[in-house]
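Subject: Structure handover

Hello,

Here is the structure I promised to pass on. Please open it and keep it beside you as you read my notes.

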Amino acid sequence: MSKTKTEDFITADQEQQIITAIRNAEKATSGEIRIHIENHTSLDVLDRAKEIFYWLQMNNTTECNGVLIYVAVKDHRFAIFGDQGIHNAVTDNFWEITRDSILKQFKTGNFAQGLVDGILTIGEQLQHYFPKNANDSNELANDISKG
């Protein structure tokens, strides 16, 4: 990642593209996807992702199926953290496949596309394990949180 400030990481138009990707990914699943972007963390990136996951109350979904993509811009690091329901359901390579889809774009500076690709990968997998049913509602905001 070559950008070093949160506000320079994605444009307003790109932010809307990412939010649209979240909405599209969630159309066929009860799973919930969020993005959190901040400039820096002094913690291990996965520990910080877990902290943000709970701060955003993503652990309060009915089926324990929330997934957070966390990005520390200045640190050039990101992590994906999912709730227990997802860990119990998905295959072992789910996290690696998702990470690789994001990383492929991040390496070329296409940060928004990396997030979109990650979101769509997550959504595709979640629809197999957590298909949407008639009683589902959007339990978490689709906006991008920033720190």
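Where does Cys64 lie? Cys64 sits in the loop that runs between helix 3 and strand 2. More on that loop below.

First, the ground rules. This is a predicted model, where local features need pLDDT of at least 70 and side-chain atom pairs count only at pLDDT 80 or more, while totals for chains, interfaces and linings use all residues. Residues are numbered from 1 along each chain as its sequence is written, and side-chain values use heavy atoms, with hydrogens and water left out.

**Overall fold**

The chain has 6 helices and 4 strands. Both are DSSP runs numbered from the N terminus: helices are H or I with at least four residues, strands are E with at least two. From the N terminus, the order is α-α-β-α-β-β-α-α-α-β. The radius of gyration is 14 Å, close to the 15 Å from the globule rule for 147 residues, so the chain is as compact as a globular protein of that length. That radius is taken over C-alpha atoms, and the rule is 2.2 Å times the number of residues to the power 0.38. Along its principal axes, the C-alpha trace spans about 40 × 30 × 25 Å.

**Burial and contacts**

Of the 147 residues, 49% count as buried. Buried means under 20% relative accessible area, exposed means over 50%, and partly exposed is in between (1.4 Å probe, protein chains only). Take the contacts (heavy atoms within 4.5 Å) with a separation of 6 or more: residues 24 or more positions apart account for 71% of them.

**Aromatic residues**

There are 8 aromatic pairs. Rings of Phe, Tyr and Trp (its six-membered ring) pair if their centres lie within 6.5 Å; planes under 30 degrees apart are stacked, over 60 edge-to-face, the rest tilted. Phe106 and Phe111 have ring centres 5.4 Å apart and planes at 75°, so this pair is edge-to-face. Phe106 is buried at 3% relative accessible area. Phe111 is buried too, also at 3%. Phe9, Phe78, Phe106 and Phe111 form one aromatic cluster.

**Back to the loop**

Most residues other than glycine have a negative phi. Cys64 has a positive phi of about 50°. Cys64 is partly exposed, at 31% relative accessibility. Gln57 also has a positive phi, about 60°, and is not a glycine. Gln57 lies in the loop between helix 3 (45–55) and strand 2 (66–72).

Best wishes
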